[in-house]
Amino acid sequence: MTNFRLKSESTYQANLEKLDAARHRLPDEHQARHMTLTQIAEELLPESLRKDGSFPAYALYAVHTALSRNEMGFRPLNPSSDCRRPDNLIEIFSKNDTAVVEKVALMLREYSDRSVTKLRPPHPSDLADIGLGQFLQQARKAVLASREKRQWTSHGILRPSPGVSLKNNAWTRTGPNKEIIDFLEWWASHDVFEPGSRFHNYGALILRALHVYDVSVCLDQSTAWTLLQEIGVIAPWELPSRYKVRFPGVTIQKGGGLKRPTPGDIEESRRQDIASGARREHAEGTIFCIDAPSTVIIDDGVSLERTNKPGEFWIHVHAADPASSIEPNSGLYNFMSLIPENIYLPGHFQAMLPAELGEDDTKDFESQSLIKQFSLKSGSPALTFSAKVNEAGDVLDFKVEPSRLGSVVYIDPKEVAEFCNEPAPPPVPARSLTVGKAPKGRAAAPNRPMIAARDLDRSSKEDLRVMYRLAEAIRGKRLQKGAWPYFFPGPSVSVSFPESPESIEGRTRLAVPEDPFIKVSYETSTACSIVSNFMVLAGEIAARWCSSRSIPIPYRRDIRHAQAPERARDYAAREIYPLIARGVEPSFSQRQELSRLTGGIELSSRPGPYFLLGLDMYAKATSPLRRFSDLLVHWQVHAALRHERETGRAVDPAADDLRSILPFFGPDLDDTLALLQMREKMARTMSRGVMDWILMALVRAWRFEGSAPKSLRFTVSSHFRQALLGRTDLFGLNAIMDVERLGGLALLKDVRVGDQFQVELADVNVHSRQILVKALKYLGAPNKS
């Protein structure tokens with residue numbers, strides 16, 4: 001290690017001039033850049049340092065050291081111990097952004113110098129001739145106008161209101177004012193400054209200079225977040241989590257949504273159906289699209305085909321087929337890759353493929369959107385993943401083929417589950433939390449004709465019964481291999497925004513709508529065995545079909561699949577699955593230990609086992625209208641199928657040049673998958689912004705509506721020197737209880753993990769995602785009386 005450090009320091013010193021000039025050499029003038037450490041090294045280090053074609057690790061560490069010595073300008077998006085990973089991206093701020101921060105720093109130093117010179121903070125009359133002055137005067141006026149109607153709180157949100165009319169100060173948001181607002185946004189919500197950065201002090205100084213906060217208020221990022229609400233930069237119910245994730249090439253739109261460059265002409269990304277003339281007609285039997293009535297995108301369906309041998313059946317899983325008519329590596333490909341899956345954040349749904357994309361009524365004809373064109377219906381093209389299965393759940397054969405759908409029916413999964421006498425899932429807790437005014441009116445009608453199970457013909461009813469038996473048999477096979485048996489329901493949030501005011505009262509008043517209605521409850525299962533098990537089966541078929549031809553696709557596998565996989569199975573069978581069988585949800589530490597043994601899930605161009613699904617290989621393939629990884633699978637499959645039609649045989653890696661057959665291959669595909677995994681992780685992180693809604697509802701119920709629980713049960717999960725960390729029985733929310741709030745009911749050293757307390761809420765902060773509780777009673781271990 002000492003030798004590594006010395007080599008790295010020597011490299012740094014030998015290239016000091018270029019490395020220290022990184023903040024001038026690398027940034028673009030106006031746009032952020034995203035580069036790997038290797039790409040940055042290529043711009044800053046001499047070629048002579050390369051060994052065997054690449055820079056040694058100590059040289060890359062020298063580059064990392066140079067970047068980390070800049071207070072702002074470089075931010076890792078997906079830190080990893082592997083410095084060569086292509087998804088280990090570094091965000092490089094534009095020169096404009098860096099200049100803004102430095103300008104604000106200069107304004108604050110000027111303000112501080114004026115305070116020191118006069119031995120007091122500047123009076124309003126002193127502010128006119130300093131850079132910070134106009135902002136302080138106008139922002140203070142906006143804050144005071146807001147507080148006439150909406151009270152400030154220390155909880156990361158403003159006090160809710162039934163809708164208010166505020167004085168419109170129409171204050172200037174250009175020049176220095178805009179620069180200060182930009183700085184406050186970055187500080188409050190984007191996490192761009194390191195914990196020890198001097199810029200935190202600058203943010204606090206701006207807050208203090210406004211003279212609108214009591215001396216007891218902590219002038220931190222949470223307070224800055226509420227300032228942005230009070231001066232009208234963001235809505236009082238904006239979600240901090242939306243700003244924590246910065247997708248490369250994507251910008252956040254205030255109030256909702258993400259923005260990315262839209263392809264200029266969609267038709268340039270289209271192609272003739274690659275499977276034209278080769279689709280199998282599924283005219284026999286019924287194709288079931290089993291989705292909730294509220295579902296808008298219908299991208300999968302299932303059907304059954306009987307064989308000549310009793311007890312053996314073909315299960316067909318039909319997936320929507322946009323890949324057949326969209327060019328890989330096109331403008332539309334690039335557009336969808338930026339947000340690679342639908343983000344289901346209540347109030348801020350973001351589609352990979354927007355519902356309106358592709359609509360065009362400006363020409364001599366009106367074209368349908370891509371979603372409407374490819375959502376499944378009778379006559380739709382599909383890519384069908386088929387498995388021959390017996391009553392025992394054994395997969396006897398499999399195939400993949402392009403198809404065209406015959407008779408399609410739409411049915412609610414609840415209908416299917418009830419018709420098949422599927423055992424009801426365990427009841428969910430009845431606890432809920434509701435704040436705000438409930439929306440009026442009924443739910444929107446389905447966008448397609450739904451059918452009840454009782455109205456199906458006799459043959460279709462029998463198909464459902466057989467498919468249910470087969471689904472359960474297939475599930476049983478996976479359980480024997482260690483698949484996770486049951487996923488406990490988590491909290492579900494529904495949000496309804498009131499209609500925006502129709503008009504603004506002249507130019508002197510601004511109408512602000514009432515706060516949104518929020519309902520938090522435990523999600524009820526809307527799945528059925530046929531759907532959940534057949535979709536997994538389709539993913540297994542896609543993986544096995546491609547693997548048998550050595551076709552690289554986004555396989556999903558355990559990271560530690562080659563390192564004693566039996567240890568994960570033994571641990572799950574011994575510690576976790578017996579709890580689930582008794583209806584007890586495993587603890588976070590138990591799930592964490594299992595994840596440590598499997599290593600978690602990675603995307604790879606090579607197949608491997610997926611322990612939690614009980615499969616030897618797996619790839620997602622049934623939602624190409626919602627997931628980019630599924631599209632990648634379809635593009636590869638279609639290219640291989642076209643080659644097989646031309647040659648009359650299966651793709652053979654020993655005889656065929658896969659690089660010339662497939663659109664994605666080799667190191668380029670590996671880089672694509674690494675970046676895709678990073679973006680999928682970002683999308684999941686943004687989806688977890690649902691926690692912001694839960695905390696917002698909790699603050700409103702506790703502080704303003706009086707509907708929060710008076711007491712909670714707190715179970716200790718971690719023990720620190722001055723505090724206890726644990727989970728409450730309110731949606732499993734994590735909370736902290738420090739020594740002071742323990743109230744002498746027990747000595748901290750005597751409390752053990754698993755012990756329980758009866759507690760009440762002491763503080764909740766939406767911005768910091770922190771709940772503090774105060775002990776009311778020490779209950780001891782769960783088995784104590």
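Residues are numbered from 1 along each chain as its sequence is written, and side-chain values use heavy atoms, with hydrogens and water left out. In this predicted model, local features need pLDDT of at least 70 and side-chain atom pairs count only at pLDDT 80 or more, while totals for chains, interfaces and linings use all residues.

The mean pLDDT of the protein is 90. A pLDDT of 70 or more is reached by 95% of its residues. Here pLDDT is the predictor's confidence in each residue, from 0 to 100. Contact means heavy atoms within 4.5 Å. Residues 502–506 form another, with 4 contacts beyond four places in sequence. Where pLDDT is low, the predicted coordinates should not be read in detail.

The protein is divided into domain 1 (1–93), domain 2 (97–236), domain 3 (279–355 + 369–498 + 510–559 + 600–688) and domain 4 (709–780). These bounds come from an automatic or database domain assignment. Between the C-alpha centres of domain 1 and domain 4 the distance is 43 Å.

An open sheet of 3 strands has the order S1-S3-S2. Its pairing is antiparallel. Strand S1 (33–36) and strand S2 (74–76) are the edge strands; each has a single partner, so one side of each is left without a neighbour in the sheet. Neighbouring strands are turned by 30° against each other on average, direction ignored. Strands (E, at least two residues) and helices (H or I, at least four) are DSSP runs, numbered from the N terminus. Two strands pair if DSSP finds at least two bridges between them. S1 and strand S3 (residues 89–92) share 4 bridges in the antiparallel sense. His34 has Glu91 in S3 as its bridge partner. Helix H4 (residues 37–44) lies across S1 and S3, at about 95° to S1. Axes are lines fitted to C-alpha atoms, for helices over the stretch in contact, and angles run from 0 to 180 degrees between N-to-C directions.

A second open sheet of 3 strands has the order S12-S15-S13, also with antiparallel pairing. Strand S12 (432–435) and strand S13 (491–496) stand at its edges, each with a single partner strand, so one side of each lacks a neighbour in the sheet. The twist averages 10° from one strand to the next. S12 is joined to strand S15 (residues 517–522) by 4 bridges, and the two run antiparallel. Ser432 stands opposite Ser521 in S15. Helix H22 (residues 690–705) packs on this sheet and touches S12, S13 and S15. The direction of H22 makes about 70° with that of S12.

Strand S21 (residues 756–765) and strand S22 (residues 770–780) run antiparallel, joined by 9 bridges. They form a hairpin with 4 residues between them. Asn765 stands opposite Gln770 in S22. In the turn, Arg769 has a positive phi of about 55°.

Most residues other than glycine have a negative phi. Ser550 has a positive phi near 60°. Ser550 is found in the loop between helix H16 (529–547) and strand S16 (555–558). Its relative accessible area is 42%, so Ser550 is partly exposed. Buried means under 20% relative accessible area, exposed over 50%, partly exposed in between (1.4 Å probe, protein chains only). Phe731 also has a positive phi, about 60°. Phe731 is found in the loop between strand S19 (723–728) and strand S20 (734–738). At 6% relative accessibility, Phe731 is buried.
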